[in-house]
Amino acid sequence: MIFRRLAIAAVCAVLAAGLAGCSADASARSALSQSAGTAASTARSAGLVLGLDQGDRLLPSVMDTGLSDAADRLATEAQAVATMTATGGIGASRDRILADIRDAQDEVASAQRVSAAANTSAAALDRQRRTLDRLAQQLDAAAKRLEQQ
Amino acid sequence: MTDHRDLPMPPPVAGRVLDADLDLLDRQILDPDGVPVSTVDDLELTDPDDLEHLDPDTPPVVSALLTGPILATRIFGGRMPDSRFIRIPWKVVADPGIVVTVGVAADSLDASWAERWMSEHVIGRIPGGRHDPE
Amino acid sequence: MKGLFAVALGVLTAIGGFVDIGDLVTSSVVGSRFGLTLAWVLVLGTVGICLFAQMSGRVAAVSGRATFEIIRERLGARLAVANLSASFLINLLTLTAEIGGIALAMQLASSISPGLWFPVAAFAVWIVIWRVRFSILENVTGLLGLALVVFAVAVFFLHPDWSALGSQLLQQPSPHTDESPATYWYYAVALFGAAMTPYEVFFFSSGAIEEKWKPKDLAQSRVNVLVGFPLGAILSLSIAACAAIVLLPKGIAVTSLYETALPIAQAFGKIGLIVAILGFVAATFGASLEVTLSSGYTLAQFFGWPWGKFRRPAHASRFHAAMILSLVVALGILLTGVDPVQVTEISVVFSAIALPLTYLPILIVANDPKYMGDHVNGRVTNVVGLIFLGIILVASIAAIPLMIVTGAGA
Amino acid sequence: MILSDLLGSPVLTADGERLGAVVDARLVLDGPPDGMLAAARVYGLVVSPHSHSSFAGYERTGVDAPALIARFLRWRARGSMLVLWADLASFTDDVVRLRPGATLYSPRLSGDSA
């Protein structure tokens, strides 16, 4: 009796492991695509914050909150992507996405420094906004590619 | 298949009729000033002398409303010893309506000891706890 | 004149009190991801909450019984305990989110990290509940919450493409986003559950007892509900529309409170932001008060303890102890570092249990002449009530599978 | 004895045929004065053949709204009956047994014809 139950459990476990193995590729890909998408949205959000600040439409406290929130979220995604096991030939896209997220992190960090400085440089903030938008586009494109494969 | 529409009505009775579960159980108990005492968590009935040969002329009567920890046994099963019952004697029940009113102050009943304890030892000691809100 | 003032005040507080952190962020999330294609859910949920809030208020005014007492009486101890557990957990999670929401709103105003605001916010909520009279706390937070009207005005100032917004209203599963149908329906169920969240009924019916409503006050309560709640829903809709106009085309999917405010910055600049942040603080603070009180009301009414702000705290000691404990637990959850906004997502699961078990007893008692005398439900109310009970049941059954399939709407 | 002891107990006829389960106890306040009210005696037991509990008592009261819920709950409690205390023979091992020739009455609450 007990052996039959054990046998059934074993068969189930093997089946589950098999299914998990087959879908591991797909799930890694979709997780990567999701991280890229979130990072893109975050970078855009930070870009919008910088843009609104340029138009003198933002309170400094909201700008601080927005940039620090974006920094946190990008850090989370970078961490998630960096620790992802790249199976099924997504290693190359993973590295590119990670590099883009890291670049976006750098831009946000330097925007935080610039906005904290006494005399904010409008030109620098504008440059960072453009870079963030460009990175967001790249990340979005990467996310789309991964989904379509 | 018996349908109750075919069944005769029971012999008429002189007093007020209450279905224990429908009209008493789980109702709020209030004192004469409208202060909540507790809820009716169960009813205590007098024990028949001989459960194997029930006496048709001496039906059980409600001796007390029960409240407190007995609620747990009603929900999760089990039986607690009679000595630990918290009773509100039927004597003090004034009106079993959509709320059950008792004729004595909430503070005089065992059922509100937890309220009094919490009031004396915790809430009443926090500044402002004994004043009306502003 | 005094009557008119009371009506106006009631309506205004209902508008301001309708929106909480869940509405602020969820509306904005949904708007930025699905445009206005889910607006119909908001309309449906608003009709439902109007119907049942009004019914529970009528039961309270006529019979003097608040909603959780009725739940206990009609469902019996066992089912009522199931409902109590689910409702109390929803309350606790919502309270966590609201306190977190106050802190996030204060961060927007001050740049000081929310972690430092959590204890301040929880203490402020407690002190108001401890010392301030019910009518004052209800009216002040409701009126300040009206600052959120800035979102409704902003919709016009943002010069949207009206025909595009209009066609979003009528289109189901949204055409120009990449969201899957399951995700769409997950958000539909979550929005519906949030609009009909039981704490509003607990608060509303207990508030009727706190303010000693009598049957003659029913007309006024009906106006408050039927005007105030829908106008409050319009605020929610405006927040969604602002997100749909500004954030959706940019590809920004909202995850934080500050993003909800960005369309206002775009429309009105700094002044608008100040008004919006004031509205955020008032709405989250008001909702924190309502939810904390609801935790106390549900427990006290289930166990038959003395409750209510019309009593001194020492005369409703377990009621106050329960609220203090709820605030402490909520603070504890926040200090673990969870995202306060995401906490509310788990409550969808518990809503599946709490919603049917809350609205069924209200409907049954509202038909019982022993409680209601001549004020029993009319035919139309019963038919609509039954239809909503059906919708609630379907949403409840669908909620958990949808949550699993979509990974909570990710 | 507490009320919960009775509720849910199976009810058998004198021949051992199962009638149903006790879902409620009918009390009558017609005893000698006991404090502020008359003593409440157990007048009979409400027995339901198909369910272990009664919900909202639609089978006993005159309330029939909302119609759909009333109809469903009456169907669930179909065939419910009232047995009088005088017709109970024994209550042992959580089983209620009736006397031979016990009468089954309608469970309706007559005062509730509203």
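**Note on side-chain contacts in the predicted model**

1. C:C242 counts as buried, its relative accessibility being 0%, where buried stands for under 20% relative accessible area, exposed for over 50% and partly exposed for the range in between (1.4 Å probe, protein chains only). C:C50 is likewise buried, with a relative accessible area of 7%. Over all chains the count of disulfides is 0, a disulfide being a pair of cysteine sulfur atoms within 2.5 Å.

2. As to conventions, this is a predicted model in which local features need pLDDT of at least 70 and side-chain atom pairs count only at pLDDT 80 or more, while totals for chains, interfaces and linings use all residues. Residues are numbered from 1 along each chain as its sequence is written, chains are lettered from A and ligands numbered from 1 in the order in which they are written, and side-chain values use heavy atoms, with hydrogens and water left out.

3. C:S256 is placed in the loop between α11 (218-250) and α12 (257-303) of chain C; helices here are DSSP runs (H or I, at least four residues), numbered from the N terminus. With 9% relative accessibility, C:S256 counts as buried. Which side chains does C:S256 meet in polar contacts of 2.9 Å and 3.2 Å? The partner at 2.9 Å is A:D69, and the one at 3.2 Å is A:R73, a polar contact being a pair of N or O atoms within 3.5 Å of which, within protein, one must be able to donate a hydrogen and the other to accept it, and residues adjacent in sequence count only if both atoms are side-chain atoms.

4. C:F34 belongs to helix α2 (residues 21-34) of chain C and C:Y187 to helix α9 (residues 181-195) of chain C, so the pair ties together parts 153 residues apart in sequence. Both C:F34 and C:Y187 are buried.

5. Two charged groups also lie over rings, a placement that requires NZ of Lys or CZ of Arg within 6 Å of the ring centre and within 35 degrees of the ring normal. C:R72 lies over the face of C:F302 at 4.7 Å from the ring centre, and the charged end of C:K212 sits over the ring of C:F310, 4.2 Å from its centre.

Methods:
Helices (H or I, at least four residues) and strands (E, at least two) are DSSP runs, numbered from the N terminus.
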